[in-house]
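These are my notebook entries on a structure that I examined by looking up a few features in turn. The structure itself is shown first.

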Amino acid sequence: MSKVIKKDNLENIFKELDQRMSDKGRKETLIIFGSAAFMAQGYSDGSRMTYDVDVVKPPFDNELWVISAEAGEKFELDMGWLNAAGNIFSRNFPKGWEDRTKEVFKGKALTIQSLGRQDLICTKFNALCDRVSNTDRVDMKSINPTKKELETATEWVISLKPELKPMAEK
């Protein structure tokens, strides 16, 4: 399959997932982060694409896996296009991140929230420090962080990685 998720089809994908959840009588609120969250908040141009939507919460059960797989088939997305692999990272997210989420989709049965702007910047900056990925650079450029937002992200990344502190502070 391997079709991609882009800004111009993301809402339709969410609508399909919402419809399938509604059909099954299931209501859910998902919290997303990563590249799909950047797209959902309008921080990327039409050229940005991804293969998945990273969910922080809630953990998935079998029914949610099946519903997401069925919804993904309509768009020829790979299995796991909607995944909870990201929830392992949430334990290290900036303190209070759950209070700063932003609603990016509201359907009949499905609500999707995204990490807030500062938390997206922090997590993407952390990814940028851990790996050399052009997509991370594109995402950071697209959100156009202020100097203060970058300073906050830097402080948070250093708090996770004490080995990055300047020698004078050690």
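This is a predicted model: local features need pLDDT of at least 70, side-chain atom pairs count only at pLDDT 80 or more; totals for chains, interfaces and linings use all residues.

**Entry 1: aromatic pairs.** I searched the whole structure for aromatic pairs and found six. I then looked up F38 and Y43, whose rings form an edge-to-face pair, with 6.4 Å centre to centre and 65° between the planes. Both F38 and Y43 are buried. Next I looked up F93 and W97. Their ring centres are 5.3 Å apart and their planes stand at 85°, so this pair is edge-to-face; the cut-off for that label is over 60 degrees. I noted that F93 and W97 are each buried. F93 and W97 also belong to a cluster, linked by ring pairs, that includes F33 and F89.

**Entry 2: the nonpolar core.** I recorded 43 residues in the largest nonpolar core, where L17, V53, W81 and L82 have the most contacts inside it. Helix 1, residues 7–23, gives the most to this core, with five residues. I then listed the contacts of V53, leaving aside neighbours within four places in sequence: I5, L10, F14, I32, A36, W81, L82 and N83.

**Entry 3: A109.** I located A109 in the loop between strand 6 (102–106) and strand 7 (110–114). Is A109 buried or exposed? Its relative accessibility is 8%, and buried means under 20%, so A109 counts as buried. I also looked up R26, which is 83 residues from A109 in sequence but 6.4 Å from A109 in space, C-alpha to C-alpha. Not counting residues up to four places away in sequence, A109 touches D18, M21, S22, R26, K27 and E28.

Terms used. Residues are numbered from 1 along each chain as its sequence is written. Side-chain values use heavy atoms; hydrogens and water are left out. Rings of Phe, Tyr and Trp (its six-membered ring) pair if their centres lie within 6.5 Å; planes under 30 degrees apart count as stacked, over 60 as edge-to-face and the rest as tilted. Buried means under 20% relative accessible area, exposed over 50%, partly exposed in between (1.4 Å probe, protein chains only). A nonpolar core is a set of buried Ala, Val, Leu, Ile, Met, Phe, Trp, Tyr and Cys residues joined through side-chain atoms within 4.5 Å. Helices (H or I, at least four residues) and strands (E, at least two) are DSSP runs, numbered from the N terminus. Contact means heavy atoms within 4.5 Å.
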